[in-house]
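Open the model in your viewer and keep the selection tool at hand. The tour goes stop by stop.

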Amino acid sequence: MKKSLEEEWGELRETFNSGKTNEQSWRRSQLKGLLNLLKEKEEDIFEALEKDLGKHKVEAYRDEVGPLIKSVNYILENLKQWMSSKQAKLPLAAFPSKAELVPEPLGVVLVLSSWNFPFGLSLEPVIGAIAAGNAVVLKPSELSPASSAVLADLIPKYLDNKAIKVIEGGSSVGEQLLELKWDKILFTGSAKVGRIVMSAAVKHLTPVVLELGGKCPTIVDSFSSSRDKEIALNRILSAKFGACAGQACIGVDYIITEKKYAATLVELLKNTLLSMFGENPKETRNISRIINEKNFFRLKSLLDEQSVKDSIVQGGSFDEANLFVEPTILLDPPLDATIMTEEIFGPLLPIITVEKIEDSIQFIKSRPKPLAIYAFTKNEAFKKRLQSETTSGSIVFNDTIIQYAVDTLPFGGVGESGMGRYHGKFSFDTFSHEKVVARRSFLTDFWFRYPPWTEQKLQLFRLVYVFNYLGIVLNLLGLKRS
Ligand code: NAD
């Protein structure tokens, strides 16, 4: 008989309370199990991604399977060191004493994930939760059903099902899960549902990580070197059209460039599009499909307005039967049109022009804080200004998306683009609590820290807090007095 959510949750709590998940050997065995799953079931993963998103297997390996294998290996290499306690520095006044920071798992955690990278965005947080010694429930998105089914089928075969569970379902299952008490929730998805998650977490005082989206601007300066130009265009267009057809939170949402360079840039983008996806992109299978009809029609409706339609300089066709949207470039659509006020999340690329490249700073600052800002430029003074005058989850000069795949960099947003961070050691920290363990000796004592209070004791406190070294003397005086 199928267990209820409460029963599944109860089983996880029991497992966590047994201390099993805290053992380094258990964590390693689970991570190795995941590694085996990724290696042995690669074809199943490719097949599911093809079914859900028409994702090419090279793209699937580049963006999901490969980064996950890399992440697990990186964690296995470093886990022992991360799990060890760290000695803390103490003030002289505390002499003689010792303190350390001891990482401990939070407990039973919930991961709610999105459909655009259904393996990457589900398993990357799970890897961190396991590494930190937690029991975990993963609820994949119902919008990528083939991927969700593969996760639900394979995870119990490769991992400890008493501690790691996949629960499939849509928003109502999500809501039921949010009723339960979790020790942390890591949510990847829209700001709208992020708000629901956060308000449900309040009830149990559960900390949350919200990995949200938004519009990532990409500034393009003019290029003098043809090699730089070619690399830049490849990096921009692969992040827009070659990463889940623009259905990527850290993909390029729109470009900002100088008015005088716009016509040249459009021609360059068209040529690069041709070399990447050919005359008939639909036939090449090098570009993913839109996840479902709802999103297909949402994208189509972004071009409904005549003034937006008029700004199309490339593409603009839609094939409903194949949920295919042609890579589309727009030049200066109205700024108050939905395409410029909401996250696009698809293969439509507006170019917004400004008089001077420096004007892009004000443009970005006047909008919600993005998950990422990209800028292709060699102008060092501009880079400096952009970095210091804007806020975003990350800023990358002369490339796109690479920050997601680097284990030593935290991934996360700020403001409307999210809160909290993960990946590599940051995942371990996100799913751990660093407990302070302090050890004191009876050798010395601040005799004046106890009542009855006197003026003299007040003076002594003033000295101790202002002159740290005096603490040791007074501590020793304590020794003398006792
Ligand atoms: P979504 O918010 O609709 O769904 C995300 C998850 O929440 C799914 O598992 C879904 O089933 C669940 N859910 C939906 N309604 C719920 C409810 N009422 N209660 C509990 N759970 C509920 O988002 P989506 O359509 O899957 O993803 C698109 C958004 O996610 C975009 O804004 C995108 O930018 C963002 N995103 C962010 C990242 C990131 O890492 N920052 C990655 C991918 C997508």
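**Aromatic pairs.** This is a predicted model. Begin with the rings: the structure holds 13 aromatic pairs. Select Tyr254 and Phe363. Their ring centres are 5.9 Å apart and the planes meet at 65°; an angle over 60 degrees counts as edge-to-face, so that is what this pair is. Now colour by chain position. Tyr254 belongs to strand β9 (residues 254–258) and Phe363 to helix α15 (residues 359–365). The two are 109 residues apart, so to speak a link between distant parts of the chain. Both Tyr254 and Phe363 are buried.

Tyr404 is buried, as is Phe411.

**A ring cluster and a charge.** Select Phe446, Trp447, Phe448, Phe461 and Tyr465 together. Ring pairs join these residues into a cluster. Then pick Lys383 and Phe397. The charged end of Lys383 sits over the ring of Phe397, 5.7 Å from the ring centre.

**Strand β6.** Select residues 184–188, which make up β6. Is this strand buried or exposed? Five of its five residues are buried, so β6 is largely enclosed by the rest of the structure. Look along the strand. Lys184, Leu186 and Thr188 point one way, while Ile185 and Phe187 point the other way. In a regular strand, side chains alternate between the two faces of the sheet.

**The ligand.** Finish by showing the residues around the ligand. There are 27 of them, and Ser113, Glu142, Ser190, Leu212 and Glu343 come nearest. Now display the backbone atoms. A backbone N or O atom of Gly189 lies 3.1 Å from a ligand oxygen atom. On the nitrogen side, a backbone N or O atom of Leu212 lies 2.6 Å from a nitrogen atom of the ligand. For Glu211, a backbone N or O atom lies 3.5 Å from a nitrogen atom of the ligand.

Note on methods:
Residues are numbered from 1 along each chain as its sequence is written. This is a predicted model: local features need pLDDT of at least 70, side-chain atom pairs count only at pLDDT 80 or more; totals for chains, interfaces and linings use all residues. Side-chain values use heavy atoms; hydrogens and water are left out. Buried means under 20% relative accessible area, exposed over 50%, partly exposed in between (1.4 Å probe, protein chains only). Helices (H or I, at least four residues) and strands (E, at least two) are DSSP runs, numbered from the N terminus. Rings of Phe, Tyr and Trp (its six-membered ring) pair if their centres lie within 6.5 Å; planes under 30 degrees apart count as stacked, over 60 as edge-to-face and the rest as tilted. A charge sits over a ring if NZ of Lys or CZ of Arg is within 6 Å of the ring centre and within 35 degrees of the ring normal. A residue is near a molecule or strand if one of its heavy atoms lies within 4 Å of it. A polar contact is a pair of N or O atoms within 3.5 Å; within protein, one must be able to donate a hydrogen and the other to accept it, and residues adjacent in sequence count only if both atoms are side-chain atoms.
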